[in-house]
Amino acid sequence: MKFGLVLLAALAAFAQTAPKPLEAYKSLKYPPLKQVVIPTPETFKLPNGMKIYLLEDHELPVISGFALVRTGNLFDPANKRGLADITGGVLRSGGTKSKTGDQIDEELENLAASVESSIGEASGTLSFSSLKGHNDRTLAVFRDVLMNPEFRQDKIDLTKAQYKSAISRRNDEAGDIASREYQSLLYGHDSPYGWRIEYEHINNIQRNDLVEFYKRYYFPANIMLAVYGDFKAADMRAKLEAAFKDWTVQQPPVPTFPKVSQVVQPGVYFAEKKDVTQTFFQLGHLGGSLRDKDYPALQVAADILGQGFSSRLMRRVRSQLGYAYGISASWGAGYNAPGTFTIEGSTKSKSTTEALIAVQVELEKLRTGQVTEEELNDAKQAAENSFVFFFDRPSKTLNRLMQYEYHGYPRDFLFNYQKAIAAVTRADVLRVAKQYFRPSEMAIVAVGNSSEFGKPLTDLGASFGTPFAKVKPIDLTIPEPKAALSNNAAKSSSPAAVQLLKKAQQAMGGSQNLAAIRDMQMHVDVPAMSLKQFNRSIFPSIIRQEQDLPFGRVTAYTDGISGWLMTPQGFQPMPGPVVEQARGEAFRQIVPLILSDRDPLRVVTVSGPEAVQITAVGGMAATIELAADGLPAKLTYETPGAAGKPSKVESAYGDWRDVDNVKLPFKITVTQDGRKFGDLITSDLKLNNGFKPEDLAKKPEAPKSAPANP
């Protein structure tokens, strides 16, 4: 009884001293955001016409920069699509007149520096970054690559091979198909904004094309160079003036980029893909330019429709109807060419038509009734709050200012945009939604398995209008190249050899199941050497291998062009001979190798009663012998041996097991020049782990005993 009284007394005391309930978060008041003040870079022009931007930033001892070149794949010849992209990559990987790309890799790795190049749709870039103390050496490499690229043939061949491999696998992911076909429809199949790169276009590209493309666009008066970091502007100016004083190449002014003139036919466009359980879709039409006076209001309207968890599409299509995990809408605006107004998402196959109808209903609501004050304020605040992140780093500040000048925009464009966002009203949102969001002019692209649809796509006609009552099929066929496969593969594959490969494919589970394998991981033991490996790969060319050896762990990575090694002694770029060895291992992986009849860069020929030889670009070759049941029995190939003589290696496959509807070998017995090397015993083999290239490229931490990079 006394315990009860004590408890009551305590409760009474607590009631008298209990804190007041917290105020609702919506009643909290915040001061307005501070005005963003951006630094002004020092700007000047060199005598050769190159425009320079310098921005000091002494927070870290790092100096970075980039050259912005007025070029782009919009200038590709129609019969050589991909030329700009390949030029942008080989500009760096192909090295210079004095150093190969591999030698440059090694030099930059030792400096903990980088020099990278690329060409996009409407600009090219060459960037560099290094510690302050290594800037002079890094800048020398940057200058050499910019002024003296060599475009070596081996790197051109490798890059072209990668592009062809990408073409061969471009229909693997349903989401990628939807995005590609949508862009192509809106901009036009024959427009550089929307055309596709095919094998024949890559075959047409030769080294001289890269050289001529470089000469046409890489000249001083066509380049804007930005440098930012820990330096004094006067010192950096003197370095740049000295570095480029002898570069006096001249060319006529670069023409303007082509215009967009495509008018897409509204309707439903469907690509059949039987191996998916979801439908990926994109629908919309051409958008506008950043210069459009209504762009701020359109941005707010699109955000209310489909940006973030509080948007209308997310609330209705995801949360209430449960049709989609993610769905979004955006008003795309380009600097000079129109972007796209796009609604995109994915849904269960069964709810494909219902999800698209739900999208149309929400779009029509936005076009016929005013949004709430809360929706308007949330969208405007999101846009205004993101403004500060445009200038949170010197690189972003300098890049944005240069982009504005590059495309002919005033320097204060973004501040005017910010003011315009703040001035958007509910009436503005309704006006622009009704004027610019045009459901009757939309192209709807869907990729999925129609046999699992709940309602047919033709039902969309009742919601979107008559043009949507008929479904137009999308042909996903990848055209075979018209020209020869490669300089190293003059002969064509023999039908008999292809049939042998198909026999092996069938024995291993079928070509479709094998082609569906994107990546693989497995543990491998080599008992004779007390060696353990953990191997991960992304087909066809990315490999990461971790080995536990008696003296420590060794990690190796390659993407088929270059790579790196981490040993107990430290980090180093992968030497050229090791890269070649890694390329050979990637080529001989059993899954992509047995599918060589699908690779336009490979030729298969009969080499015995039940054997085929497979030859790839670059001269790599291997022979597969089949067992009576059709499974690969033995793989034979040659590697460099002692005194320059080739060494014959044989890998005998055994212990075949079922893994996710395919058969794979769990034991490989390797002999070299007739002597047994050892057994490779596989365990814990897993397929389609969802690896991304950046996952496998991530460098491990250096061993504590290893020396740091100089």
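Visitor: Why is R657 called partly exposed?

Guide: In this predicted model, R657 has a relative accessible area of 40%. Partly exposed covers the range between the buried limit, under 20%, and the exposed limit, over 50%, so R657 is partly exposed.

Visitor: What makes the pair R657 and D655 a salt bridge?

Guide: The N to O distance between the side chains of R657 and D655 is 2.8 Å. The cut-off is a side-chain nitrogen of Lys or Arg within 4 Å of a carboxyl oxygen of Asp or Glu, so the pair R657 and D655 qualifies. D655 has 39% relative accessibility and counts as partly exposed.

Visitor: Why can such side chains pair?

Guide: Side chains of opposite charge can pair when their charged atoms come close.

Visitor: How do you know that E625 and K634 meet in a salt bridge?

Guide: The N to O distance for E625 and K634 is 3.9 Å. The limit is within 4 Å, so this pair counts as a salt bridge. E625, at 32% relative accessibility, is partly exposed, and K634, at 24%, is partly exposed too.

Visitor: Why does E198 count as buried?

Guide: E198 has 10% relative accessibility. Buried means under 20%, so E198 is buried. The side chain of E198 meets that of R196 in a salt bridge, 3.7 Å from N to O.

Visitor: Which residues are linked with E198 and R196 in a network of salt bridges?

Guide: The network links R170, R180 and E181 with R196 and E198. A search of the whole structure finds 44 salt bridges.

Visitor: What makes α3 roughly antiparallel to α4?

Guide: The axes of α3 (residues 101-111) and α4 (residues 135-147) come within 10 Å and cross at roughly 155 degrees. Angles over 145 degrees count as roughly antiparallel, so α3 is roughly antiparallel to α4. The crossing is left-handed.

Visitor: Which residues make the contact of α3 with α4?

Guide: From α3 they are I104, E107, L108 and L111, and from α4 they are R137, T138, V141 and V145. By class, the contact has 5 nonpolar, 1 polar and 2 charged residues.

Visitor: Where does K699 lie, and why is K699 called partly exposed?

Guide: K699 lies in the segment after α22 (693-697). The relative accessible area of K699 is 43%. Exposed would need over 50% and buried under 20%, so K699 is partly exposed.

Visitor: Which residues is K699 in contact with, leaving aside neighbours within four places in sequence?

Guide: K699 is in contact with E109, W564 and F571. K699 and W564 are 135 residues apart in sequence, and their C-alpha atoms are 8.7 Å apart in space.

Terms used
Residues are numbered from 1 along each chain as its sequence is written. This is a predicted model: local features need pLDDT of at least 70, side-chain atom pairs count only at pLDDT 80 or more; totals for chains, interfaces and linings use all residues. Side-chain values use heavy atoms; hydrogens and water are left out. Axes are lines fitted to C-alpha atoms, for helices over the stretch in contact, and angles run from 0 to 180 degrees between N-to-C directions. Helices (H or I, at least four residues) and strands (E, at least two) are DSSP runs, numbered from the N terminus. Angles under 35 degrees count as roughly parallel, over 145 as roughly antiparallel, 65 to 115 as roughly perpendicular and the rest as oblique. A crossing is left-handed if the near helix is turned anticlockwise from the far one by less than a right angle, and right-handed if clockwise. Contact means heavy atoms within 4.5 Å. Ala, Val, Leu, Ile, Met, Phe, Trp, Tyr, Cys and Pro count as nonpolar, Asp, Glu, Lys and Arg as charged, and the others, Gly among them, as polar. Buried means under 20% relative accessible area, exposed over 50%, partly exposed in between (1.4 Å probe, protein chains only).
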